[in-house]
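Visitor: I am new to this structure. Please show it to me, and then I will ask about it.

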Amino acid sequence: MAACIVPESDSIRRAVSLLNAVDSGRFPRLLSRLLQKLHLKAESSFSEEEEEKLQIAFSLEKQDLHLVLETISFILEQAVYHNLKPSSLQQHLQSIHLDQDKADAFASAWAAVGQDTIEKFRQRILTPQKLETIGWQLNLQMAESMQVKQKSPRAILELGVSNEDSKNLKKVFVEFSHQELFEFYNKLETIQAQLDSLT
Amino acid sequence: MAAVIGKSAAVVYGHGENGSGRGGGSFLGPRVPAEVEAMARGVQELGKETFRRLLKVTVNALEGKDCKESVKLIAESSNLSEEQLAFLISGMYTLLREALRLPLSTFKQEVFKEDLKELRIPEDFIVDFSSVVFGNRRPDSEGMALKQGSRLPSVQDFKWRVDVAISTSSLARALQPSILMMMKLSDGTAHRFEVPVAKFQELRYNVALILKEMNDLEKRSILKIQD
């Protein structure tokens with residue numbers, strides 16, 4: 001692809017030279033670790049301690065280490081965005097003068113988990129609330145304060161809705177009679193028909 | 001002695017089950033509520049017109065409607081004191097509410113009329129009460145139960161949308177469908193959330209499963225037992 005996936009800026013050039021100097025042995029592991037956490041937004045992949053260990057392992061200063069990690073993440077995010085094939089990723093990396101062995105490492109890591117990573121990004125949604133869990137209970141209501149000697153089946157649906165801000169799951173409880181549940185089901189079937197018509 | 005105990009036991013545990021020979025109470029329970037007794041006494045001197053108006057107000061109250069105006073009108077046009085109105089209406093309300101709690105399949109008109117006779121309510125009025133409980137003027141119990149019943153909120157309004165994300169900040173070509181649901185519940189709360197396609201399938205599967213379970217339950221013999 002002619003499109004410039006990784007622009008040749010000063011920071012990129014500096015990052016590349018740092019990367020080329022880094023020990024190749026541990027490089028693949030670093031790549032897979034970064035790939036694992038790529039789709040998680042705010043989390044940084046490494047804790048303070050781990051960063052210090054990395055500094056020692058790769059003999060990089062703190063700032064240089066940050067630059068290296070950010071550059072690798074950027075390259076991988078671009079690979080996700082453009083849905084690059086491993087071979088074209090390798091070509092791009094070679095065009096910014098990354099060493100052969102490092103480019104190979106990128107290509108094989110990407111070949112291994114690239115599609116999964118893209119899938120994880122696909123699943124990411126922008127709405128703050130998402131349905132996470134579904135639970136239910138089927139009861140046979142025998143009586144209530146307004147009416148005795150019923151025998152009406154009632155379903156209780158528990159929907160666990162996550163909120164991006166808080167870590168807690170909001171539980172929404174909804175009760176259905178047989179008829180109400182049947183109507184709800186018909187609406188779900190309509191949605192399914194719409195989904196089917198997309199493919 | 002044993003016969004008396006037997007009778008009261010029957011009254012407590014078997015609402016309106018047996019035929020004759022019960023002590024007072026029956027569908028109203030072992031002890032007739034005070035307001036019903038007071039009403040039964042007070043209603044004897046009522047004119048038919050006034051009684052019918054009071055009955056109408058009671059039925060409206062049972063359906064959850066606001067009756068302040070109508071009660072005021074009755075108070076003005078009849079010569080009943082506020083106190084009399086109070087126990088007349090509350091007595092009628094309790095009587096009808098208790099009668100309406102029992103399902104029509106097991107609670108028979110004759111039994112109801114018998115019980116009212118025992119309270120010494122005039123024949124005409126028994127007929128009127130009867131037509132409210134057993135006739136087609138029967139207040140909508142489902143509607144009542146929805147408003148006053150103790151139950152979890154049900155879905156009042158359900159809106160949905162199927163979107164396809166073509167491109168996002170992380171993916172040039174996403175082409176990922178997703179479903180947005182907005183549920184308004186009967187307790188006034190509204191919930192809007194996204195449902196990933198896989199979760200939607202899970203929801204659909206579970207709802208179908210519950211429906212199947214409900215069908216099986218309704219066919220089982222426990223529901224066919226008459227009580």
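Guide: A salt bridge here is a side-chain nitrogen of Lys or Arg within 4 Å of a carboxyl oxygen of Asp or Glu. The model is a predicted one.

Visitor: Which residue of chain A forms a salt bridge with Arg204(B)?

Guide: Between chain B and chain A the count is 1 salt bridge. The closest N and O atoms are 2.4 Å apart, and the cut-off is 4 Å. The partner of Arg204(B) is Glu189(A).

Visitor: Which element gives the largest share of the side of chain B that touches chain A?

Guide: Elements that give two or more residues to this side include strand 1 (155-165), strand 2 (176-185) and helix 9 (197-219) of chain B. The largest share is 18 residues, and it comes from helix 9 of chain B.

Visitor: How much area do chain B and chain A bury between them?

Guide: The contact takes 64 residues from chain B and 55 residues from chain A. On the side of chain B that touches chain A, 36 residues are nonpolar, 16 polar and 12 charged. Of the buried area, 68% is on carbon and sulfur atoms, and the total is about 5,700 Å².

Visitor: Is Gln90(A) buried or exposed?

Guide: Gln90(A) lies in helix 5 (residues 86-95) of chain A. Leaving out residues up to four places away in sequence, Gln90(A) touches Gln100(A), Ala103(A), Asp104(A) and Ala107(A). Its relative accessible area is 18%, and the cut-off for buried is under 20%. Gln90(A) is therefore buried.

Key
Residues are numbered from 1 along each chain as its sequence is written. Chains are lettered from A and ligands numbered from 1 in the order in which they are written. This is a predicted model: local features need pLDDT of at least 70, side-chain atom pairs count only at pLDDT 80 or more; totals for chains, interfaces and linings use all residues. Side-chain values use heavy atoms; hydrogens and water are left out. Contact means heavy atoms within 4.5 Å. Buried area is the accessible area (1.4 Å probe) that two parts lose on being put together, summed over both. Helices (H or I, at least four residues) and strands (E, at least two) are DSSP runs, numbered from the N terminus. Ala, Val, Leu, Ile, Met, Phe, Trp, Tyr, Cys and Pro count as nonpolar, Asp, Glu, Lys and Arg as charged, and the others, Gly among them, as polar. Buried means under 20% relative accessible area, exposed over 50%, partly exposed in between (1.4 Å probe, protein chains only).
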